[in-house]
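Subject: Handover of a structure

Dear colleague,

I am handing over the structure below for your study. Please keep it open while you read the findings that follow it.

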Amino acid sequence: MLNYSTINTRPSARRGAIKGILGTLFFAATLILQAQAATPSPAMIEQLKKLPAAEQQALARQYGFDLNLILNASQPAQPLQNQQQNLQPGQMTSEEVSSTSKKPEPAKDELKRFGLSMFDPAFSTFAPAGIMPVPDSYILGPDDTLQLNLFGKINQQRQLVINRDGDVFIDELGSVNVAGLTFNQASRLLEQRVKNGLIGVDVAISMGQLRTINIFIAGEAKRPGNYSVPALTSITQALFIAGGVSDIGSLRDIRVNRQGKQVSRFDLYQLLLKGDASNDIHLQNGDVVFVSSLSALAEVHGKVRRPAIFELQPGDTLQTLIDMAGGVTEKGYERAVTLERFDANKTKTLMNIDLTTAQNQKLAAQAGDVLRILQTSNRPQNQITLAGAVIRPGFYAWENNMRVTDLISSIWTDLHVSVDLDYALIIRQETINAPLRVLQFNLGKAVIQQDTRHNLVLQANDKLIVFHHGNESYRREQLNTRLRETLQQRLESPLGERWLLNTNLANDAFALISKESTGRVSGAVAQMRIRDNISVTTPAAVSEPDPFTAEALKMRQDAELNQVISALMQQLYLDQTSLALTPHLTRQELLFPILQQLRSRARSGNNLQIVTVTGEVKVPGEYPLAEGAQAEELILAAGGLKDSANLARAELTRFNANSITSNSLKVEHLDVVLDDESSQSASIALNSRDTLNVFAIPDWNVRRVVEIRGEVTFPGSYPVQRGEKLSDVIKRAGGLTPAAFSQGAVFVRDQVKEAQAIQVRKLIEQLRADVASRALSAERASISPQDAVAMVRELEKQTTIGRLVIDLPQIVRGAPEADLDVEHGDILYIPRQNQVITVIGEVQHAGSHRFQADKGLDYYLSQAGGLRKRADGDRIYVIRADGSVYVPERSRWFNAANQQLAAGDTVIVPLDTEYRDSLSLWTQVTQILYQSAVALAAIASL
């Protein structure tokens, strides 16, 4: 055995030595405990207990043993019956530790029994009453210690312990019996004895160590049994020592029996709810604390300050139950409280109770009651909603005889500069199931002119919506910033963040949701559109991004954007945060929730209160049908007419059901005159699903421009009107100059160009098929497949001119049969005089030659060196300077009348293909090539 007296007596050295020795011993003890479940010696544990708590924990961490296991291992096993427990504050038995670790956590919405948490060792800081001020009423008994402080002639401090006879012994005075006296009475008695017996000595008496009493805790306590506790222990302190009450123990029926009689009945709810500890008496030796079992429980759910399960006692009412739950919160609705209760047949019933009445408050609470206090409505009963192009959108209090000008008193201080003063709406719903009423008025007349026809009287819960002019909005970038911030919180991918940059989210998102909701396009098409508008940019380092990943990310982004906008639109006129965004929304976006609500309420007997306007208005689309609205009101709703609107002609289309049995619609088309106030058609009241189409002034949006280049007095572009002739345009250009070569004019038209392009594409496809078939056939041709392919490629490169053959000399002379109407985009090229004949194609030396009137075709062919071997001499043709083509007849080859050439003509010698079934096809190819070349040459000469 170690001799501790040999250890250095300095405190720090001694403590260090003890730590070293204990460390070795406890390391060995830990191994023994793990192997044989043995217990270390009491001396080792006592030495450990003398160390500070921090050093105990450090020692345990250093050597890896369980500090609680070592400390508890020294306690000898005691029988369960009549055992005297001395648990530390907050300490649980091993069985409780095991049960606590295995007990599942309650569900999130599951209620807990009120009051049990105060005994939870994890949160309780209870300590037994060992050192505390002693009240004057404390009754002294054996083992109590009194402390006498003598001063004067004698200066001493003495500890007086009351013996079993109830006496304390003072050396100079002898024994004094104090047992059964209160502390106050004993103090006065001892003071008197000291003053009388010791002259010149004063005394101060205080309480020292209190005696220990034995109590018994029985019933439904957590750890019933016999306990040794300080004499000042109260009922609640005894319950803490016993670990509280069990799961079926009562908190409201705790009794104290003393010498066979009940001396106190304690309701812990009085202490917890009211702070009343009058029945929490101090226990005496031999007292029995009895915890009764539960008798009745009731639950309180919902909008109360303390939802829980409460224990009932006879006489408790529903109001008592609400008071125990802390009362109803500000959002609790007491007029419709739900009570679940078991009747006499043990059948659960449901009752709705108004707890604002005294009669219902006095209803007795019963075992098994479940009281649910639901939330009151978040919508104020009397409010006005102001939204749209206003400075201060929000909710305002409604008052009797309140008008529009009470909310909007000035167009300068209350409205944005982009406001539309001609169109504003009041959305009214008098009851929950009543249809929506839409009232349209002129905001400018209401505010500026104080016109009572437009300065309408408001009713409770009205929505006053003010719109921007046309399809404008106020600071749209703020809405985009708000959406971007919201989406950045939901999209964590860096790629998603790049998708948000420089993107008009609001326009794309509202377009997506509006098209999907109205059903005009499918969701897939709308998603493709927004996907095109919001492009996903990949990092520069990634050359080939994974298309599946990009597609999946894009779908996620579209879905997130749609959800954000949907949530915004659903709460647009219900939530203050969303309402603050309404100045940034356009006319159609502000109307979107209203149109959706009108669609949802449409049914038999309540037609769809939506009308449509199309054509020459600023914001065409769907609009709510206002009460008494006519065509004029609908046009104002659409932002007004465009400059191109035809005031003399509009059309109203109306759909009427023929009959209930015919199952068909009757469509009517009504003419409406918009500029004539006396017209009856303009005053027709609009009906459900009417469509007003405002036509445009004929040719208002048509811009016709003709261009003349070359040899005219004033070349340039000339606006023309429908039906204007080419001769008229030439006259406006000052006529032809003396150097003009009218026979060689080139007239180009876009429609002809498009037709030629279509013809060329068809011809290319035919040629490809022909080349492929000839390559596989055994027929022999003078043109190789390689040459044929080259010809096809050459044709693909060919640019169509769109030349229309005209007889300009006849047009200039005023021949009506030669003249033609001009169209937008027409171009007339008039070159200078051209005195040459050009020979191209399969000749030895293609080129141009000076025109000689007395020379024929044979002369110019000879000047070109004659024909090549592959030339088709039987199909030589001539392209005139005006673009016309003729093929001389072989029998009249040298007939002067038929072979007369003119200045500017081009002689074409085609290729002999020897394709019997496709000769005309290849001839057509060469004609297109040569005609385009001639036209381009004429244009290039300008």
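The chain has 25 helices and 36 strands; helices (H or I, at least four residues) and strands (E, at least two) are DSSP runs, numbered from the N terminus. This is a predicted model, in which local features need pLDDT of at least 70 and side-chain atom pairs count only at pLDDT 80 or more, while totals for chains, interfaces and linings use all residues. Residues are numbered from 1 along each chain as its sequence is written, and side-chain values use heavy atoms, with hydrogens and water left out.

Of the 942 residues in the chain, 42% are buried. Buried means under 20% relative accessible area, exposed means over 50%, and partly exposed lies in between (1.4 Å probe, protein chains only). Among contacts (heavy atoms within 4.5 Å) with a separation of 6 or more, 64% are between residues 24 or more positions apart.

**Nonpolar cores**

In soluble globular proteins, nonpolar side chains tend to be buried together. A nonpolar core is a set of buried Ala, Val, Leu, Ile, Met, Phe, Trp, Tyr and Cys residues joined through side-chain atoms within 4.5 Å. The largest one here has 67 residues, and Y138, L190 and F310 have the most contacts inside it. Beyond its neighbours within four places in sequence, Y138 touches several residues, including L181, F183, M207 and L232. Another core, of 48 residues, lies apart from it; L561, L585, L595 and V619 are among its members.

**A five-stranded sheet**

Five strands form an open sheet with mixed pairing, in the order β18-β17-β21-β19-β20; two strands pair if DSSP finds at least two bridges between them. Strands β18 (394-397) and β20 (437-441) stand at the edges with a single partner strand each, so one side of each has no neighbour in the sheet. From one strand to the next, the twist averages 25°. This angle, like the others between axes, is taken between N-to-C directions and runs from 0 to 180 degrees, the axes being lines fitted to C-alpha atoms, for helices over the stretch in contact.

Strand β21 (residues 463-468) is mostly covered, with six of its six residues buried. It pairs in the parallel sense with β17 (residues 383-388) over four bridges, and V466 in β21 is the bridge partner of G388. Strand β19 (residues 419-428) runs antiparallel to β21, joined to it by five bridges; here L425 has I465 as its bridge partner. Five bridges also join β19 to β20, again antiparallel, and I427 is partnered by V438 in β20. Helix α18 (residues 587-601) packs on the sheet, touching β17, β19 and β21, and its direction makes about 155° with that of β21.

**Aromatic pairs**

How many aromatic pairs does a search of the whole structure find? It finds five. Rings of Phe, Tyr and Trp (its six-membered ring) pair if their centres lie within 6.5 Å; planes under 30 degrees apart count as stacked, over 60 as edge-to-face and the rest as tilted. The ring centres of F114 and Y269 are 5.2 Å apart and the planes are at 75°, so this pair is edge-to-face. F114 lies in the loop between α5 (94-102) and β2 (145-152), and Y269 in helix α8 (residues 268-274), so the pair ties together parts 155 residues apart in sequence. Both F114 and Y269 are buried. Ring pairs link F114, Y269 and F310 into a cluster.

Yours sincerely,
A colleague
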